[in-house]
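The sequence and the structure are shown first.

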Amino acid sequence: MINIGRNEPCFCGSGKKFKKCCYGKDDPVDKRDEKLKILPIRRNIDYGVPLLNDEFFKCNQLHEISAANLLHMHLIAPEAVEACAGIVRSETNRHLVEAEKIKRICSSKELIKILHREPDPLNFALLRRKFFEYEEETAVLLLRQLKEFQDDMFVELAIDFLFATGKNYSREIIEIIENDQRDVYCVSLLCLLLGFYDHPKVSKTLWDYYHYFKTQIPHETYSDGPLLGLYEVDARQNERFMKRGKKRRD
């Protein structure tokens, strides 16, 4: 039985990373859990009508540590994360060579290439600033590439950048989830981002994927992505409810 990481060289000998080669393909040599390779098509994931209430959130808890939890913290409190990175940067120079390359980027395509090379986390803030120089064109490229299998770090950075724009990409993300992307890690984090947006399909999409991840892949933390998204949806609904109540009292 083959046990290989998604970012390790593919066992087929192609020289490519496993995730960009045989990951998700039906191969008789690899008999690992098929659920971890590829998601069913969207219409085959249906867990009924969303019911978001206190009982649901009381009975469904986040994992103590997960990629979605860390990314969520980074999205809502980037200044705290950057403060920590600043302390580390003062103690090392490992990021400096790459930082100079990032400063010389002069197009969205060059920026995308850097993102594919697993950049040093100490340069994430610099990359984000460079992203805003080419925001509109780069956002289109990121959404296009999120339709395909990508390295985990690329997915995380793409979501970070899209969130930082403050624009509503719910239509594009739902289209990606429904028609293109079926990698569990990517879909989990896209669900997290989706939770920040208003769109008629958001609650149902997050509800379905949360229950799918929780019931079908219970030994992993993928369910945290859609659950955190549902927390964001619920928070906005409560805020709107409070505002309506205040208007009636006034």
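## Salt bridges and burial

R94 and D120 form a salt bridge whose closest N and O atoms are 2.7 Å apart; a salt bridge here is a side-chain nitrogen of Lys or Arg within 4 Å of a carboxyl oxygen of Asp or Glu. R94 lies in the loop between α3 and α4 and D120 in the loop between α5 and α6, so the pair ties together parts that are 26 residues apart in sequence. Helices (H or I, at least four residues) and strands (E, at least two) are DSSP runs, numbered from the N terminus. D120 is buried, with a relative accessible area of 15%, where buried means under 20% relative accessible area, exposed over 50% and partly exposed in between (1.4 Å probe, protein chains only).

The model is predicted: local features need pLDDT of at least 70, side-chain atom pairs count only at pLDDT 80 or more, and totals for chains, interfaces and linings use all residues. Residues are numbered from 1 along each chain as its sequence is written, and side-chain values use heavy atoms, with hydrogens and water left out.

Twelve salt bridges are found in a search of the whole structure. The table gives three of them.

| Pair | N to O distance |
|---|---|
| R94 and D120 | 2.7 Å |
| K103 and E100 | 3.5 Å |
| R128 and D160 | 3.0 Å |

K103 and E100 both belong to helix α4 and stand three residues apart, about one turn of the helix. E100 is partly exposed, at 39% relative accessibility.

The side chains of R128 and D160 also meet in a salt bridge. R128 is in helix α6 and D160 in helix α8, so this pair ties together parts that are 32 residues apart in sequence. R128 counts as buried at 15% relative accessibility, and D160 counts as buried at 4%.

Helix α6 spans residues 124-133; seven of its ten residues are buried, so the helix is largely enclosed by the rest of the structure. The buried residues are F124, A125, L126, L127, R128, K130 and F131. Their cover includes α2 (67-76), α3 (78-89), α4 (96-103), α5 (108-115), α7 (135-145) and α8 (152-164).

In the loop between α5 and α6 lies E118. Phi of E118 is near 50°, a positive value in a residue other than glycine. E118 counts as partly exposed, at 37% relative accessibility.

## Overall architecture and surface

The protein has twelve helices and zero strands. Of its 250 residues, 46% are buried. Contact means heavy atoms within 4.5 Å; among contacts between residues at least 6 apart in sequence, 72% join residues at least 24 apart.

The accessible surface comes to about 13500 Å², and carbon and sulfur atoms account for 54% of this area. Accessible areas come from the Shrake-Rupley method with a 1.4 Å probe; for residues, only the protein chains shown count as cover.

On the surface, K101, R104, K109, K113, R117, R144 and K147 gather in a patch of positive charge. Patches are made of residues with over 30% relative accessible area and no salt bridge, like charges being joined within 9 Å. K113, one of the patch residues, is found in helix α5.

Note on methods. Patches are made of residues with over 30% relative accessible area and no salt bridge: like charges are joined within 9 Å, nonpolar side chains (Val, Leu, Ile, Met, Phe, Trp, Tyr) within 5 Å. Lys and Arg count as positive and Asp and Glu as negative; His and the chain ends are not counted. The place of a charge is taken as NZ of Lys, CZ of Arg, CG of Asp or CD of Glu.
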